[in-house]
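Keep the structure open while you read.

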Amino acid sequence: MKPVLPEELSALMDGELDADRAREIETQLAANPHLRAEFSRLVETDAQWRAAAATAVFAPAVRLPPTTAGLRSAAIVTALMIGLICLRMAPRWLESLTLVFGLHTVALAVLLAGLMKVARADDSERDAHA
Amino acid sequence: MIDRLAYGRELASLLGEAAAYARSFLGNRPDAEDAVQQAALQAWHRIEQYDTTRPFKGWWFAILRNCCFDLLRQRRTATTRGIDGIDPPDTRATEVFDWERLDAGLRNLSPAHQEILRLRYYGGLSYEALAETLGIPKGTVMSRLHLARKALAEQLRSEAR
């Protein structure tokens, strides 16, 4: 059996060894009290350092530019609202709702196309700067 | 390639560790927040360049690391400060072993050892992600991390004496 390298003990602790080598080292750990003591020390200090590092964690405020998907959702919501307003304000003589729905569809298409165009132009400009 | 919506989700999952890493690197919270914000934006603009076969966290932390270096350089230019441009906190005032105590030990190690330990403990990076961020093979990550741990343990022991 290959002797255990010191860095392999670290890797075993980190769960970064392949399964076969990990089994081999675990067998040697079970048979060797000195190696076991060294491994225990490693585990103990690692736990202490991880606990200390965790005290530095905080939630930073990060702002990202809006995505085209976000704009698409906004456009759909806006178009739905326009549709609702059209329905509410439609003159009484407008018996058929077909025209209202037609207007609604046109408004939606125009809004979507416009917003997508703006968003794409914005993305390209930012990518060019990056 | 991942889209920008997916990027936002991936980013949200690593912000806490990113902030901790940047705070340890830069020594204070406002600069850490700036670095994380800059890295988040830079990665957002470069998301098309991300290769999905490689670890996202390693790719993103490489950007964050560069932002931290840039901020540190700007700060050094702006003013002359202590070693490494960081004001060392007064760690003797407290017996609690928190990140400031850990950092005090880290600051006396070689830059390569500081770097790998920060990424591992504050960033929580796997060996694969460490290899990606530092641009070194995984085998080197394993040996460097072990040596860095040994050096830090010795450093903390000598501080305690």
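## An arginine in a loop

B:Arg54 has a relative accessible area of 45%, so it counts as partly exposed. This is a reading from a predicted model. The side chain of B:Arg54 has a partner: B:Glu132. The two form a salt bridge, with the closest N and O atoms 2.7 Å apart. The bridge links distant parts of the chain. B:Arg54 sits in the loop between α2 (29-45) and α3 of chain B. B:Glu132 sits in helix α6 (residues 127-134) of chain B, and 78 residues separate the pair.

## More salt bridges within the chains

Side chains of opposite charge can pair when their charged atoms come close. How many salt bridges does the structure hold over all chains? The count is 13.

One of them joins A:Glu8 and A:Arg21, at 2.9 Å from N to O. This pair, too, links distant parts of its chain. A:Glu8 belongs to helix α1 of chain A, and A:Arg21 to helix α2 (residues 19-31) of chain A, 13 residues apart. Are A:Glu8 and A:Arg21 buried or exposed? Both are buried.

Another bridge stays inside a helix. B:Arg73 pairs with B:Asp70, the closest N and O atoms being 2.6 Å apart. Both residues lie in helix α3 of chain B. They are 3 residues apart, about one turn of the helix. B:Arg73 has 49% relative accessibility, so it counts as partly exposed. B:Asp70 is partly exposed as well, because its relative accessible area is 31%.

## Where the chains meet

Now look at the interface. In chain A, 33 residues are in contact with 38 residues of chain B. The size of an interface is often given as the accessible area lost when the parts come together. Here chain A and chain B bury about 3,100 Å² between them. Carbon and sulfur atoms account for 68% of that area. Three residues of chain A stand out: A:Glu16, A:Trp49 and A:Phe58. They supply 24% of the area that chain A buries against chain B, more than any other three residues.

A:Asp46 forms a salt bridge with B:Arg149, with the closest N and O atoms 3.3 Å apart. Which elements give two or more residues to the side of chain A that touches chain B? They are α1 (6-13), α3 (33-54) and α5 (98-129) of chain A. By class, that side has 19 nonpolar, 4 polar and 10 charged residues. A:Asp46 and B:Arg149 also belong to a network of salt bridges, together with A:Asp14, A:Arg50 and B:Arg120.

## A covered helix

Helix α4 (residues 99-106) of chain B is mostly covered. Of its 8 residues, 6 are buried. These are B:Trp99, B:Leu102, B:Asp103, B:Ala104, B:Gly105 and B:Leu106. What do they pack against? Part of the answer lies in the other chain: α3 of chain A. The rest is α1, α5 (111-121) and α7 (138-160) of chain B.

## Aromatic rings

Over all chains there are 9 aromatic pairs. B:Phe25 and B:Phe69 form one that is edge-to-face, at 5.0 Å centre to centre and 90° between the planes. B:Phe25 lies in helix α1 (residues 4-26) of chain B, and B:Phe69 in helix α3 (residues 56-78) of chain B, 44 residues apart. B:Phe25 has 6% relative accessibility, so it counts as buried. B:Phe69 has 29%, so it counts as partly exposed.

B:Tyr50 and B:Phe56 make another pair. Their ring centres are 5.4 Å apart and their planes are at 90°, so this pair is edge-to-face. B:Tyr50 counts as buried because its relative accessibility is 7%. B:Phe56, at 8%, is buried. There is also an aromatic cluster: B:Tyr21, B:Phe25, B:Trp60, B:Phe61 and B:Phe69.

Terms used: Residues are numbered from 1 along each chain as its sequence is written. Chains are lettered from A and ligands numbered from 1 in the order in which they are written. This is a predicted model: local features need pLDDT of at least 70, side-chain atom pairs count only at pLDDT 80 or more; totals for chains, interfaces and linings use all residues. Side-chain values use heavy atoms; hydrogens and water are left out. Contact means heavy atoms within 4.5 Å. Buried area is the accessible area (1.4 Å probe) that two parts lose on being put together, summed over both. A salt bridge is a side-chain nitrogen of Lys or Arg within 4 Å of a carboxyl oxygen of Asp or Glu. Helices (H or I, at least four residues) and strands (E, at least two) are DSSP runs, numbered from the N terminus. Ala, Val, Leu, Ile, Met, Phe, Trp, Tyr, Cys and Pro count as nonpolar, Asp, Glu, Lys and Arg as charged, and the others, Gly among them, as polar. Rings of Phe, Tyr and Trp (its six-membered ring) pair if their centres lie within 6.5 Å; planes under 30 degrees apart count as stacked, over 60 as edge-to-face and the rest as tilted. Buried means under 20% relative accessible area, exposed over 50%, partly exposed in between (1.4 Å probe, protein chains only).
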